[in-house]
Amino acid sequence: MYMRQKDGHIVSYGTYIAVWFGLLVFTILTVAVAGINIRVISVIAPLLIAAIKTLLVLSFFMHLKYEDGNLKMMLSGAVVILAIIIGFTFLDISFR
Amino acid sequence: MNFLEEKGRYRGIFAWIFSTNHKRVGLLYLVSMLAVFSAGVILGLLMRLELIAPGQTIVTARAYNSLFTFHGILMIFLFVIPGLSASFGNFFLPIQIGARDVFFPRLNLLSWWLFISGAILLLVSLFTKDGPADTGWTFYVPYSIRTGTNVSLTLFAILLIGFSSILTGLNFVTTVHRLRAPGMKWFRLPLFVWSLYATGWVQILATPILGITFLLVIAERFFGIGLFDPARGGDPLLYQHLFWIYSHPAVYIMILPPMGVISEIIPTFARRTIFGYKPIVFSSLAIAIVGYLVWGHHMFTSGMSDTAKFIFSLLTFFVAIPSGIKVFNWVATLYKGSIELGTPLLYALSFIFLFSIGGLTGLVNGALATNVHIHDTYFIVAHFHYTMFGGAAFGFFGALHYWFPKMFGRMYNEKFAKLGWLILFIGFNVLFFPMFILGWQGLPRRYYDYLPQFQTGQVISTIGSWLLAAGIILIFTNLIRSIIHGEKAGKNPWGGTTLEWQIPSPPPPENFEEIPLVEHGPYDFGRKG
Amino acid sequence: MPDADIDIAVENEKDYTGSKIGMWLFLFTEMLLFGGMFLLYSVYRSIHPQDFHNGASELSIMIGTVNTIILITSSLTMAISISATQKGSRNLSTIFLALTIILGLLFLANKCFEWGDKFHHGIYPNSAELLKDSSGKVLFYGLYFVMTGLHGLHVLVGVILLSVMLILVINGKNNRKDYIKLENSGLYWHFVDIIWIFIFPLFYLIT
């Protein structure tokens, strides 16, 4: 119930550089995939890759991997709300 | 020495408007909001006076449009949405969890400054360009883009006020997570605190949508962007979606804290612990979450797809359930309680009655078949006044009387308080109940003129508005007089059990001499002292 | 029974976790703010897929990719700067924070160049040239200017914020014992990077 302060976890420079490298790879991937002209892939693939890049930034650069479960739950909740808002709007748009 | 008397770096009014003490910020909000409320009531009275007869009575049609626009903006954005959070929440949240202040005291003061800046800009907008906005508080496009009235300044003012709301929510959520006293576990929190916590989340996650929507309207007016303009391929319905994606959760921002106060008042005045503490907690969270899923019920006649209409209607029925749970629990708390019919309890009981009428008529609105008949009629006007005024505002006045002795160290005159309540209650019902009938008979809302067959109802309603105003004047006069001349109140005039009743009235600047150790739940009437 | 923990709760200025939670909550509001724009984008793209594709082909993939790499790298330098402060390496932290600011400015310069190019061709909101085009295209550019504009504004604010942090690192106010302001600024900066991570494919890479 009562949280004592903890010193922040220090992430090594090496980890950060590895993450950066991963992000570069995914960036190149997303540009490459842009050439593919299959309808489903052209929408889903870039979003999926962006989501993976986002998770990398969140987990390592923003330290979410080393954080309390509380924060991860809050973020998930906020993302779910946003998804619902967009999704429910399509209940109207897609079925007009 | 209490927080009212404390001397700091600043003198006079600056000691208040530069204070980061949560109790002073709470009172700053309280006074500002009651001033705005009074202005809103006056606008309402003017509207009712115009409507006492068909045709022009006291204002032109254009002026009437601005009247109801500003009545809505003042009441909604500056009174009911900040509501109990900004005023009593600021004052009592830290005390009820055993803390000395909120987590971000300077941010708290900034919230109030943003609120006041927005209010001032709204005042300015009355006199600049083509005059005050005449779009209704909903600012539907394309009219809000085309009208020459000062929509941009008005929207910008509301953006500031919205940011104020976001910061308050952020502050409260952080405060509840980090500043609870030792032993104050989550399920020992007072229900008012739970309601503020749930509300805080809605403020954080819903308000930004209003922000971007109003920004886009301003951008459209200045740069012709075209995102909502049908002439440029934009969809005006998307504006409505974005607007209601915020404004529906906003009504839960308005009602959750008052519900929280009712959960405080009833145990105290029934001298019994609350029935179903956990169901009330979970129902507050459920209302906050399900509240995001129903916004389309404001748009049933707008041109949405049938699929959307069906699903939004279905979900709207679900959101009524948690509110029902609360009503059952409150009534159950009263059963076999040792009831003291003080003024706060009168407000709580009338809240339950009036909010239930509002809520039940909400079901009529939520059903697709009936909605077609009553949408945009006076039936809707009656519905939301029963929930927002009969519910939220009555809750506000209940809180005002409940916590008055604690904030000011004085008691109000009980007889005048009860008389004020009675006149307010009667006036309220005479004013708004006829609107259900008028609406059902087909009288549209926001209409300046109407057919003679509707006049009887309109006259009754206008008379009700005068009664209501008389009640409000009596209530305010009583309270203001009592601040100066009232009998001194002790720590705990009601025999309440939450932490605010264990400290002096008015509280000292730091609230507690020593941070308390909490060893039991909030409504423990079994113990002594 | 009251133990020493009580004093920690009261000293909220030093509550590192609480300050961090406050910052994350603020970022949630930013996520919802941009979220509204992404909602509009999804709807309009689903209605005008061909126009959006045409619009995307008029944007320079090269500049977009370069800008993406710039921001990703600036996130790296930001993260390194914070770790450096945590380890007590003030000089390293200063250098990498300065690099972050420079990369941010580079991003903004690119953006100005891109927009300038569009303006030069008569493409801007409400321009006669733009309005000649189909409505899907008008919507595409409306979204493009608003979203990259709002994002650019956030980058600018970030650059200013980081410049203030730079001063606080140099004069020692941000140090290994007390670096919450730097860390929170970092969170803001990474968030701005994430928004771009989505904007880039959605505007530049529509097949």
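User: What makes F203(C), Y204(C), L205(C) and I206(C) count as residues that A56(C) touches?

Analyst: In this predicted model, two residues are in contact if their C-beta atoms, placed from the backbone, lie within 7 Å. Leaving aside residues up to four places away in sequence, A56(C) touches F203(C), Y204(C), L205(C) and I206(C). A56(C) itself has its place in helix 3 of chain C, residues 49–57.

User: Why is A56(C) called buried?

Analyst: A residue is buried if 20 or more other C-beta atoms lie within 10 Å of its own. A56(C) has 21 C-beta neighbours inside 10 Å, so A56(C) counts as buried.

User: How far apart are the C-alpha atoms of A56(C) and F140(C)?

Analyst: They are separated by 8.4 Å, while the two residues stand 84 residues apart along the chain.

User: What makes up the contact between chain C and chain A?

Analyst: Chain C brings 38 residues and chain A brings 34 residues. On the side of chain C that touches chain A, helix 1 (5–10), helix 2 (16–47), helix 4 (61–87) and helix 8 (180–204) each supply at least two residues. Helix 4 of chain C gives the most, with 13 residues. By class, that side of chain C has 22 nonpolar, 12 polar and four charged residues.

User: Which residues and helices of chain B are involved where chain B touches chain A?

Analyst: Here 13 residues of chain B are in contact with 12 residues of chain A. Helix 9 (236–270) and helix 11 (306–334) of chain B each supply at least two residues of the side that touches chain A. The largest share, four residues, comes from helix 11 of chain B. That side of chain B divides into eight nonpolar, three polar and two charged residues.

User: Why is chain B called as compact as a globular protein of its length?

Analyst: Chain B has 16 helices and zero strands. For 529 residues the globule rule gives 24 Å, and the radius of gyration of chain B is 23 Å, close to that value, so chain B is as compact as a globular protein of that length. The C-alpha trace of chain B spans about 65 × 45 × 45 Å along its principal axes.

User: What share of chain B is buried, and what share of its contacts with a separation of 6 or more joins residues 24 or more positions apart?

Analyst: Buried residues make up 57% of the 529 residues in chain B. Of the contacts in chain B with a separation of 6 or more, 84% are between residues 24 or more positions apart.

User: How is chain A divided?

Analyst: Chain A has domain 1 (12–62) and domain 2 (66–96). Taken over C-alpha atoms, the centres of domain 1 of chain A and domain 2 of chain A are separated by 21 Å.

Definitions and conventions. Residues are numbered from 1 along each chain as its sequence is written. Chains are lettered from A and ligands numbered from 1 in the order in which they are written. This is a predicted model: local features need pLDDT of at least 70, side-chain atom pairs count only at pLDDT 80 or more; totals for chains, interfaces and linings use all residues. Ala, Val, Leu, Ile, Met, Phe, Trp, Tyr, Cys and Pro count as nonpolar, Asp, Glu, Lys and Arg as charged, and the others, Gly among them, as polar. Domain bounds come from an automatic or database domain assignment. The radius of gyration is taken over C-alpha atoms; the globule rule is 2.2 Å times the number of residues to the power 0.38. A residue is buried if 20 or more other C-beta atoms lie within 10 Å of its own, exposed if 12 or fewer, and partly exposed in between; C-beta atoms are placed from the backbone.
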